[in-house]
Amino acid sequence: MADVRLAIAPFDPAIELAAFAAAHQAAGGIASFLGQVRAGEGVECLDLRHYGPLTLPGMDELAQAAVTRWRLDGLLIIHRTGQMVPGEPIVLVAAAARHRRDAIAAVDFAMDHLKSRSWFWKREKRAGTWSWIEPRAEDYSDLARWG
Amino acid sequence: MTARLVFLGRLEDLAGAAELAVAAGPLPDVLAALAPNLTDALLDDRIKLALNGALIADRAGIVLDEGDELAFLPPVSGG
């Protein structure tokens, strides 16, 4: 039901989404979210770190929570780790469901939890200098929407 | 008798390495042997700990054995 991956190399969201749609032809709707490294804000490189024993198991638990909460035909979560340049995909979440609201809500839910609960640490390089990114208050308020 | 400390996020910069081999023993003794600024950072209660890959709710009473891996996990910033 859920396809959850921690990607150590670049992935192509279009190919992944096409494969997901092909695998769930009975679903009436597929919603997706793609997060990519922002260009044009002086960031030269983004580095996402993870902790092997926790990160992927935590993503699996999140997928299970989404599958339990909404009526889904399928769920796809791909999250990069490692160094990325502007424009490169960071995260792709897609949900297939009989009805669109389940798919849209499941993607929104998964993204809020990936941002604030998953075991990733992010740093970015600007003008040759790396700095760690602290969590934003919005990440926690976004999470509170789901009770 | 060595155990391994793993530092995530900005703690890696403070420690100067992603991992550190330390003498096994009670956690307070292990921390006391580190550089003072690193010890202070690790005592921050927003930092979660995982022992051999499992999160621990209460850091009191942790004793590191030979081969144990203790990870220090600062607040996450993913996605």
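Q: Which residue is the bridge partner of A:Q36 in strand 6 of chain A?
A: This is a predicted model in which local features need pLDDT of at least 70 and side-chain atom pairs count only at pLDDT 80 or more, while totals for chains, interfaces and linings use all residues. Residues are numbered from 1 along each chain as its sequence is written, and chains are lettered from A and ligands numbered from 1 in the order in which they are written. Strands (DSSP runs of E, at least two residues) and helices (runs of H or I, at least four) are numbered from the N terminus. In strand 6 of chain A, A:Q36 has as its bridge partner A:P89.

Q: How many bridges join strand 2 of chain A to strand 6 of chain A?
A: Strand 2 of chain A covers residues 29-36 and runs antiparallel to strand 6 of chain A. Two strands count as paired if DSSP finds at least two bridges between them. For strand 2 and strand 6 of chain A, the number of bridges is eight.

Q: Which residue stands opposite A:I78 in strand 6 of chain A?
A: Strand 4 (residues 74-80) of chain A also runs antiparallel to strand 6 of chain A, with six bridges joining them. Within strand 6 of chain A, the residue opposite A:I78 is A:L92.

Q: How many residues of strand 6 of chain A are buried?
A: A residue is buried if 20 or more other C-beta atoms, placed from the backbone, lie within 10 Å of its own. Strand 6 of chain A spans residues 89-97 and is largely enclosed by the rest of the structure, because its buried residues number nine of the nine.

Q: Which strands stand at the edges of the open sheet of chain A?
A: Four strands of chain A form this open sheet in the order 1-4-6-2, with mixed pairing.

Q: At about what angle does helix 3 of chain A run to strand 6 of chain A?
A: Angles run from 0 to 180 degrees between N-to-C directions of axes fitted to C-alpha atoms, for helices over the stretch in contact. Contact means C-beta atoms, placed from the backbone, within 7 Å. Helix 2 (residues 52-69) of chain A lies across strand 1 and strand 4 of chain A, at about 155° to strand 1. Helix 3 of chain A lies across strand 2, strand 4 and strand 6 of chain A, and its angle to strand 6 is about 150°.

Q: How far apart are the axes of helix 3 and helix 4 of chain A?
A: Helix 3 (residues 100-116) and helix 4 (residues 137-144) of chain A pack at an angle of about 140°. Residues in this contact include A:H113 of helix 3 and A:Y140 of helix 4. The axes of the two helices are apart by 9 Å.

Q: How many residues does the contact take from chain A?
A: The contact between the chains takes 13 residues from chain B. From chain A, the number of residues is 20.

Q: Which residue stands opposite B:K48 in strand 7 of chain B?
A: Chain B has an open sheet of five strands in the order 2-1-7-4-5. Four bridges join strand 4 (residues 48-51) and strand 7 (residues 69-73) of chain B, which run antiparallel. In strand 7 of chain B, opposite B:K48 stands B:L73.

Notes. Contact = placed C-beta atoms within 7 Å. Buried ≥ 20, exposed ≤ 12 C-beta atoms within 10 Å, placed from the backbone.
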